[in-house]
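Here are my notes on the model, for reading beside the structure.

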Amino acid sequence: MTSELEISIKNAIRRFEELNMFKDSGSVKVGEIEQLQEAGEELRKSYEDPNGKLAKILRDYSRYKDRENRKPSKKNKQELKRLMMEMEAQKTEVETLYASLDVHEERFRKFNVPKRFRTASEQPLKLYLESLQEFMKTTWRKEAEKNREKEKRSLIEWMDKLDQSNEEAKIAFDALKTSFAELGIQISKFFIDYFLLIMAVSNKSEEILALSLYEVEAVLECLAVEENSNSIVINTFIKMVQFFERSTKLAGPVSDEAKGQKSKEDHSSDDEEKVMFFLDDEIKDDLLHPIIIEVLRLEVSFCSPEMPVMVTSDVFYSMARHLVDNVFEDKLNRIGAKIHGLKTDVQFVQGEDSSDMKFFRDVLDSGVEELWTSLDPKPGS
């Protein structure tokens, strides 16, 4: 019994420690990992601290067991019986913790999108895309295949079947369409912030930006819940990246003054290159990674085949607000705060205050809004 209990305790402690692998998961609430690990730390102390409850129970059981083997007595038997009951109760508690970890980890895995920047270096794009494809295959696509076999459909598919000649159904459809566009626009504007930050911090921004646009598009292509599904979510985000690329080419090079940097005439030497390293690989990944997670969340919300039947118009309407207010709001607010902090760090305000950059940003925002609001949400659009 003692060995079973100790094995359970050690396994639970190990699993609590391994929760760190989910710290960047898009399914983790603020402080959730830390709160769970506090429970793990209490368990560890109870087991490893000589004065801990578990340590004392195990020590007492071993002592009385030894006494009983050497000199059996009624008192020893009674005490052993009591300790056995305590160990059973503790084992049940540990098993309950274990079951709770199963539930949490299953949720954490859903949006535990691999990070490209690991340890002290950035993964080559090819290797990163392979790990992303593997994540999508094991986490989402296998489940989607099973759901298709059960004839489940996605929210976007059920939207397409709403009878819009019915007033209530039309209201529900419009609410879902509005939420879809609202979320798509907000996430797209985060991408724009990300790209503009890259432009703002380096006089090599054209080369770096071109590479970043290519890499982001490659990542987006991996995020469809169903392979070769022609997802409306993924397609629209790719169109957004392509729109940004076309817009920057039409606008031409952004001047140093527009970016808030000194002009070339102000440099001490014509040959001197001024490259500002505020956005190193790790910082860029820390910003891009949560944006990518929200793309996946929108893809899952509308394109994952998880709904077995058509629901009522009231339920569809409630889903529209639930997505914006409950599913996405907190996560998007966190990204917005991170972007604001980075803008402050790189003194990006200077660039945004320039008339050229302000006009360019307005054009980008208008284009993104038009892209999403003009969509007719249909499967494979």
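1. Helix 10 supplies the largest share of the lining of the second largest pocket, 6 residues. This is a predicted model: local features need pLDDT of at least 70, side-chain atom pairs count only at pLDDT 80 or more, and totals for chains, interfaces and linings use all residues. Residues are numbered from 1 along each chain as its sequence is written, and side-chain values use heavy atoms, with hydrogens and water left out.

2. The second largest pocket has a volume of about 420 Å³. Its lining has 23 residues, with Lys23, Asp24, Ser25, Pro290 and Arg334 nearest the centre. Helix 2 (32–48), helix 10 and helix 11 each give two or more residues to this lining. Helices here are DSSP runs (H or I, at least four residues), numbered from the N terminus. On a 1 Å grid over the protein atoms alone, a pocket is an open set of points where a 1.4 Å probe fits, with protein on both sides within 12 Å along at least five of seven lines; lining residues have an atom within 4 Å of a point. A volume is the space filled by probe spheres set on the points, which are joined across faces, edges and corners.

3. The lining of the second largest pocket divides into 6 nonpolar, 5 polar and 12 charged residues. Asp, Glu, Lys and Arg count as charged; Ala, Val, Leu, Ile, Met, Phe, Trp, Tyr, Cys and Pro as nonpolar; the others, Gly among them, as polar. Domain 1 (1–102) and domain 2 (125–256 + 269–374) each give at least three residues to this lining. The domain bounds come from an automatic or database assignment.

4. The largest pocket has a volume of about 500 Å³. It is lined by 21 residues; Phe111, Arg297, Val300, Ser301 and Val327 lie nearest its centre. Helix 10 (281–303) and helix 11 (313–345) are the elements giving two or more residues. Helix 11 gives the most, with 7. The lining holds 9 nonpolar, 5 polar and 7 charged residues.

5. Where is glutamate 226? It is in the loop between helix 8 (205–220) and helix 9 (232–251). Its side chain makes a polar contact with the side chain of arginine 148, at 2.9 Å.

Note on methods:
Polar contact = N/O pair within 3.5 Å; in protein donor to acceptor, adjacent residues only side chain to side chain.
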